[in-house]
Amino acid sequence: MKELDLLRQELLSCDTQLADILMKRFDVVEKIMALKEKNQMQILQPEQESRQIEALDIELKGNVHQEEIADIYARVLYNSKKIQGKKLFDYNIVLIGFMGAGKSTISAFLRDALAMDVVEMDQVIAEQQGMSISEIFETYGEEYFRNLETQLLIDMQSKQNVIISCGGGVAMRERNVAEMKKNGKVVLLKADPQTILDRVKDSDERPLLNGHKNVEYIADLMEARRAKYEAAADIVVQTDGKSALEICEEMIHKLRRADE
Ligand SMILES: Nc1ncnc2c1ncn2[C@@H]1O[C@H](COP(=O)(O)OP(=O)(O)O)[C@@H](O)[C@H]1O
Ligand SMILES: O=C(O)C1=C[C@@H](OP(=O)(O)O)[C@@H](O)[C@H](O)C1
Ligand SMILES: [Mg+2]
């Protein structure tokens, strides 16, 4: 049928225009990133994303396909962020530091900001074993848990451009540090003992701190671990009194400088 052929041709033309406009869009995304870097500007600007979504919402209001277009636009934004993440880092980012330093929080923030995949080591191990970290410690002991951590680091070496959120004890083993550096840059997140206590005091998920939630105990364990954390780190970010956005910005700028 001639009419159907014509409509199919029109559809194909729409698709090539869509592909063309997407290529242009992603090219602009790369230019914006290059400009921000050249002028040492803030890389992450989450409020800009909200402004774009609002502007499109207004544009689409009343359109019969508003919902479908908004859904596609969300994917476009996601992939634009992914392009930014890949442009910034062609390696894995490994977050280390004491319990409560913010490794999980910063990983989640980066996942949203740059559409990077996150490997949350504690969570992956808990899922693999079908029990919580506290239950693994109680049932099999700490050594068993530490061996699981080492194996997971080795498993992750095939990944690219992901954030690896380590459990607080991962960098204590020299072997682990060697494994994480094979495909990643190591970021040490730090916080003072009082800050750590404020952050972890209401949680029972850290077996090593249960029954010891006081500044002295935290300060002693932190001091005992300090040299190994610092030896493992490619860069260090002090987190006290800073928001996740501020910490991520500082981290990105320090990593970029370390790359030069
Ligand atoms: N920069 C920060 N400012 C305020 N609270 C924070 C910050 N980073 C983390 N937290 C809070 O501290 C607690 C522990 O953070 P988490 O990311 O789980 O640490 P980790 O994974 O290093 O043990 C969480 O309740 C989190 O919301
Ligand atoms: O410091 C440690 O030895 C540990 C830290 C915990 O992870 P977080 O640092 O994410 O709390 C968890 O892996 C386990 O409780 C042991
Ligand atoms: Mg954590």
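Two residues are in contact here if their C-beta atoms, placed from the backbone, lie within 7 Å. Keep that cut-off in mind on this tour. The model on your screen is predicted.

**Stop 1: Asp122**

Select Asp122. What does Asp122 touch, leaving out residues up to four places away in sequence? The partners are Ile133 and Gly167. Now colour residues 121-129. That is helix α5, and Asp122 sits in it. Is Asp122 buried or exposed? Count the other C-beta atoms within 10 Å: there are 22. A residue counts as buried at 20 or more, so Asp122 is buried.

**Stop 2: Arg146**

Move on to Arg146. This residue lies in helix α7. Arg146 has 16 other C-beta atoms within 10 Å. Residues between the buried cut-off of 20 or more and the exposed cut-off of 12 or fewer count as partly exposed, so Arg146 is partly exposed. Beyond residues up to four places away in sequence, Arg146 touches Gly169 and Arg173.

**Stop 3: two packed helices**

Stay with α7 and show residues 142-155. How are two packed helices described? By the angle between their axes and the distance between the axes.

Now show the side chains where they meet. On the α6 side, pick Ile136, Phe137 and Tyr140. On the α7 side, pick Glu142, Tyr144 and Phe145. By class, this contact has five nonpolar residues, one charged and no polar.

**Stop 4: ligand 1**

Centre the view on ligand 1. How many residues surround ligand 1? The shell has 14, and the closest are Gly102, Lys103, Ser104, Thr105 and Arg199. Two elements give two or more residues each: α4 (103-114) and α11 (244-259). The largest share comes from α4, with three residues. Colour the shell by class. You will find seven polar, four nonpolar and three charged residues.

**Stop 5: residues 1-88**

The unreviewed UniProt entry places the feature "domain: Chorismate mutase" here. What is this stretch made of, helix or strand? It is 85% helix and 0% strand.

Methods:
Residues are numbered from 1 along each chain as its sequence is written. Chains are lettered from A and ligands numbered from 1 in the order in which they are written. This is a predicted model: local features need pLDDT of at least 70, side-chain atom pairs count only at pLDDT 80 or more; totals for chains, interfaces and linings use all residues. A residue is near a molecule or strand if its C-beta atom, placed from the backbone, lies within 6 Å of it. Helices (H or I, at least four residues) and strands (E, at least two) are DSSP runs, numbered from the N terminus. Ala, Val, Leu, Ile, Met, Phe, Trp, Tyr, Cys and Pro count as nonpolar, Asp, Glu, Lys and Arg as charged, and the others, Gly among them, as polar. Axes are lines fitted to C-alpha atoms, for helices over the stretch in contact, and angles run from 0 to 180 degrees between N-to-C directions. UniProt positions are given in the numbering used here, feature names are shortened, and annotations may be inferred rather than shown by experiment.
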